[in-house]
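This note sets out comments on the model shown below. Please read the points with the structure open.

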Amino acid sequence: MRVGTISALRLSIKGGNKVNIYKRAVDRFGEESRLNLMMEEAAELIQACSKEQRGLDSNINEEIADVEIMLEQLKYCKCYDRQEIDAQHNIKVKLLEGLICR
Ligand SMILES: [Mg+2]
């Protein structure tokens, strides 16, 4: 994808539209498909992290974006509990804060 195209996409996709796209992707492709793709993207990110750590060329920025997009889609799968995810998120960020403040 060319840089100009990426800049155009940054301008054209706002927060509300992204949520709509994530929800539509879950409806269109199904929750099982989203979970399978999440695993693939997580594996690609692991590989990119490994390359980064070894000082090799990596596409870590792209893979981080891919995983973020899949995580966003999982939020709209009915089989997961959004409130429980938020609660776990808050607990873990609080734990992280505790580690930082030691
Ligand atoms: Mg990827």
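1. Basis of the comments. This is a predicted model, in which local features need pLDDT of at least 70, side-chain atom pairs count only at pLDDT 80 or more, and totals for chains, interfaces and linings use all residues. Residues are numbered from 1 along each chain as its sequence is written.

2. Overall architecture. The protein chain contains 5 helices and 0 strands (DSSP runs, numbered from the N terminus: H or I of at least four residues for helices, E of at least two for strands). Along the sequence the pattern reads α-α-α-α-α. Of the 102 residues in the protein chain, 6% are buried (20 or more other C-beta atoms within 10 Å of the residue's own; exposed means 12 or fewer, partly exposed in between, with C-beta atoms placed from the backbone). Among contacts between residues at least 6 apart in sequence, 55% join residues at least 24 apart (a contact requires C-beta atoms, placed from the backbone, within 7 Å).

3. Helix α2. This helix has 15 residues and reaches 21 Å from its first C-alpha to its last, close to the 21 Å expected at 1.5 Å a residue (the expected span is 1.5 Å times one less than the number of residues). α2 is hardly covered, with a count of 1 buried residue among its 15. Just after α2, Gly 30 takes a positive phi of about 90 degrees.

4. Which residues of α4 are buried? They are Glu 63, Met 70 and Gln 73. Seen down the axis of α4, these buried residues fall within an arc of 85 degrees, so they line one face of the helix (the arc is that of the directions from the helix axis to the C-beta atoms). Asn 61 and Glu 68, on the other side of α4, are exposed. The cover over the buried residues of α4 includes α2 (15-29) and α3 (31-53).

5. Packing of α3 against α4. The axes of these two helices, α3 and α4, come within 9 Å and cross at roughly 155 degrees (axes are lines fitted to C-alpha atoms, for helices over the stretch in contact, and angles run from 0 to 180 degrees between N-to-C directions). α3 and α4 are therefore roughly antiparallel to each other (angles over 145 degrees count as such). Residues of α3 that meet α4 include Leu 37, Met 38 and Leu 45, and those of α4 that meet α3 include Glu 63, Met 70 and Gln 73.

Key: Two residues are in contact if their C-beta atoms, placed from the backbone, lie within 7 Å. Angles under 35 degrees count as roughly parallel, over 145 as roughly antiparallel, 65 to 115 as roughly perpendicular and the rest as oblique.
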